[in-house]
Amino acid sequence: MRRRALKTMSLIAAATVALAACSPDDPGASFKTLKVAYQKTDSFTALDTMLQAAKQEFEAANQGVTVELQPIQANDDDYGTKLALALRSPSTAPDVFYEDTFKVRSDVDAGYLLKLDSYLEGWEDWDTFDDGAKAAGRADDGGTYAVPLGTDTRAIWYNRKVLEAAGVTLPWEPRSWQDILDTARKIKANDPTVIPFNMYAGKGTGEGTVMQSFYELLYGTGSSLYDEEAGKWVVGSAGFQDSLAFLKTLYDEQLAVSPAEALDANVWKKVFGEWLPNARMGATVEGSYAPSFWQDGGSYEWPGYEQDMGVAPFPTQNGQAPGAVSMSGGWTLALGAETKEPELAFSFLTTALKEENSLSFTVESSQIAVRKDVAADPGYLDANPFVRDVSALVSVTKYRPATADYPRISVAVQEATEAVVTGTRSPQEAAADYDAAVADIVGAAKTVRK
Amino acid sequence: MRFPATARQLLRYLPVLPAVLLLLVFLAGPVLWAFHASLTDAGLTGRSARNPSWVGLENYQRLLTDPVFPLSVLLTVVFVAGSAVLGQNLLGLALAVLMRRARPLVSAVVGTTVVAAWVLPEIVAAFAAYAYFSGDGTLNQLLGGLGLGRQDWLYAFPMVAVMLANVWRGTAFSMLVYRAALNEVPAEVTEAAQMDGAHGWQRFAFITLPMIRWSITTNLMLITLQTLAVFTLVWVMTAGGPANASTTLPVLAYQEAFKFGDIGYGTAVASVLILIGAAFGLAYVRLLREPRP
């Protein structure tokens with residue numbers, strides 16, 4: 001009996017040794033692999049196309065190097081989570097990855113991103129990048145950690161047919177919040193069944209609520225979310241209350257969607273796929289990428305959207321300078337801080353971001369160009385009739401204060417809008433709740449009353 | 001050659017050793033890791049991502065002052081009690097009892113219908129439930145067809161909607177357990193009770209129920225723990241909203257850990273969930289241990 005036990009043990013031990021021997025060897029000097037992580041969805045394949053092309057070109061030019069593409073199928077939020085989880089451990093961290101501009105700062109804090117300054121010096125194309133866009137890849141220490149792929153702006157997208165039917169002069173150019181309300185009321189009076197002017201609210205649409213609705217209001221009052229110079233969060237501003245009050249008016253007068261629809265996370269699909277194409281909605285605030293949904297191969301193909309839709313800058317509260325307001329996000333390519341092949345990884349990044357690759361990516365995904373040569377290319381400017389208008393908004397656009405506390409603050413803003421449009425709190429109360437929430441999140445010492 | 005008694009005793013456990021090791025690595029490991037992380041300020045990104053520091057019970061203190069946490073515990077209890085202990089359990093028992101009486105055809109049709117919801121992958125079931133309850137969903141179209149008013153179920157009654165969805169999805173399990181249990185009740189005993197003059201209802205309450213009480217307890221334990229952990233259904237249908245009105249503990253833990261990147265706080269919520277599950281588990285195990293009457 002004892003002998004059998006010993007035999008079993010030795011068998012198990014032998015199996016363990018044998019299995020351990022199966023683990024892959026350390027890749028030799030002549031054989032290198034670059035891991036590239038990025039987002040790919042049914043409606044977002046432009047980046048995949050771009051990286052596939054870069055992979056072929058790069059592997060041909062660098063013998064013995066394999067580029068391992070790792071597409072992650074997920075929406076923006078889940079992609080961010082999966083990427084962060086992969087970055088946590090050096091053994092799973094990709095060498096090159098697709099990174100949201102508003103995560104750059106906190107990921108630099110976490111030590112996930114490689115500082116690129118020394119590499120960028122030797123890359124002549126870097127000078128063709130727009131200065132505003134370059135700032136998106138810069139961290140608190142002044143170093144650059146990410147190279148922008150493209151950016152976006154936000155504007156009012158309106159259905160010309162609906163506005164025409166209501167007797168609004170086209171092109172529509174609202175100069176103040178009052179203009180928006182007047183036009184919305186006019187549309188409602190003409191046909192009570194259409195949704196005159198939608199702006200997102202509540203936690204359902206998440207970051208969309210703040211980027212495509214609340215911040216256009218807030219930054220148009222002259223107030224802001226964050227005092228960059230002092231490094232403090234703004235509380236108790238009149239602009240914050242005014243912005244909430246404007247949303248309340250829109251929802252109370254049923255000029256926007258119903259509160260129940262607003263809180264549905266899928267409401268934007270109806271805006272793009274149903275209400276605007278079927279002329280059931282007058283206007284909405286959306287990103288410059290809106291045409292990517294309607295063009296050939298988009299998720300909600302709409303032949304003729306070029307004629308039916310119009311675009312207008314979102315006005316400031318009372319038309320004060322600069323007259324319009326927009327918000328920008330955008331994505332970058334970055335290198336993992338622990339990459340074993342920084343030179344090679346950077347070289348792949350430059351291949352991926354060359355002029356021709358950038359151009360086709362920017363056009364296919366309806367982005368706003370960040371390379372000056374791409375921005376001047378006729379292929380870009382004529383991609384759809386709205387490119388010039390939305391690109392011009394870069395001059396008034398704002399970026400989110402993307403600190404590590406930002407995701408929580410953003411949710412506090414979303415909660416304030418939700419409380420107001422559902423009628424559970426008045427704008428004043430909701431603003432006070434927000435102030436308390438901010439003090440709770442960052443500590444009272446990091447807030448400033450303005 | 002003979003072994004000392006203790007060594008022989010130990011040797012007997014050898015075959016279960018791999019199973020125990022697997023359990024330790026894949027079950028106890030993550031639980032311990034979660035508990036450890038809940039005592040740190042580990043984050044998904046930001047300064048504390050790579051080098052989390054020890055914060056002791058700070059996360060748990062924060063739980064006590066967080067207004068969402070007590071609400072979330074209450075919602076979890078309501079969800080488990082309403083949709084598992086009452087909904088799935090009683091409906092499953094009722095179906096099992098009725099199916100014994102029904103004609104084979106009726107019984108087969110009902111059984112298949114109920115089990116169909118159960119065999120769906122959770123994500124598919126969740127989308128089906130979302131499509132059913134949403135604003136333009138099937139339920140509202142049915143109500144509209146009957147000339148009744150429409151309701152925004154996921155907005156006005158989010159908990160009712162997710163509880164009904166969970167009952168729909170989970171009843172099959174209880175039904176199957178009870179059908180098996182009822183088949184084990186010897187016909188002679190029931191007949192003997194009938195001879196003694198017990199009516200249908202009395203036979204059920206005093207003969208059948210006591211004889212299947214072990215199945216009842218086991219079933220309750222399984223569905224309670226399953227329902228405590230339900231995440232996908234709630235996340236897809238309401239994502240915890242509106243205004244946290246359906247944020248059960250798993251949803252809260254997910255939001256904190258992954259949406260806000262605060263893994264320390266998220267795992268603290270998860271640890272509380274584990275403790276609640278453990279409390280339920282212990283209570284049921286005690287019930288099972290009680291001597292037979």
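**Chains A and B of a predicted model**

Of the 293 residues of chain B, 35% count as buried, a residue being buried if 20 or more other C-beta atoms, placed from the backbone, lie within 10 Å of its own. The model is predicted, so local features need pLDDT of at least 70 and side-chain atom pairs count only at pLDDT 80 or more, while totals for chains, interfaces and linings use all residues. Residues are numbered from 1 along each chain as its sequence is written, and chains are lettered from A and ligands numbered from 1 in the order in which they are written.

Chain B contains 15 helices and zero strands; helices (H or I, at least four residues) and strands (E, at least two) are DSSP runs, numbered from the N terminus. Along the principal axes, its C-alpha atoms fill a box of roughly 85 × 75 × 30 Å. Two residues are in contact if their C-beta atoms, placed from the backbone, lie within 7 Å. Among the contacts in chain B with a separation of 6 or more, 69% join residues 24 or more positions apart.

Chain B also touches chain A, in a contact that takes 19 residues from chain B and 25 residues from chain A. The chain B side divides into ten nonpolar, five polar and four charged residues. Here Ala, Val, Leu, Ile, Met, Phe, Trp, Tyr, Cys and Pro count as nonpolar, Asp, Glu, Lys and Arg as charged, and the others, Gly among them, as polar.

Chain A is assigned domain 1 (32-152 + 329-399) and domain 2 (154-327 + 405-449), with bounds from an automatic or database domain assignment. Taken over C-alpha atoms, the centres of these domains of chain A are separated by 28 Å. Their contact takes 18 residues from domain 1 of chain A and 21 residues from domain 2 of chain A.

Helix α20 (residues 406-421) of chain A packs against helix α9 (residues 207-220) of chain A at an angle of about 70 degrees, with the axes 9 Å apart. Axes are lines fitted to C-alpha atoms, for helices over the stretch in contact, and angles run from 0 to 180 degrees between N-to-C directions. The helices α9(A) and α20(A) are therefore roughly perpendicular to each other, the term for angles of 65 to 115 degrees. Among the residues making this contact are A:Phe214 of α9(A) and A:Val413 of α20(A). In α20(A), 14 of the 16 residues are buried, so this helix is largely enclosed by the rest of the structure.

Methods
A residue is buried if 20 or more other C-beta atoms lie within 10 Å of its own, exposed if 12 or fewer, and partly exposed in between; C-beta atoms are placed from the backbone. Angles under 35 degrees count as roughly parallel, over 145 as roughly antiparallel, 65 to 115 as roughly perpendicular and the rest as oblique.
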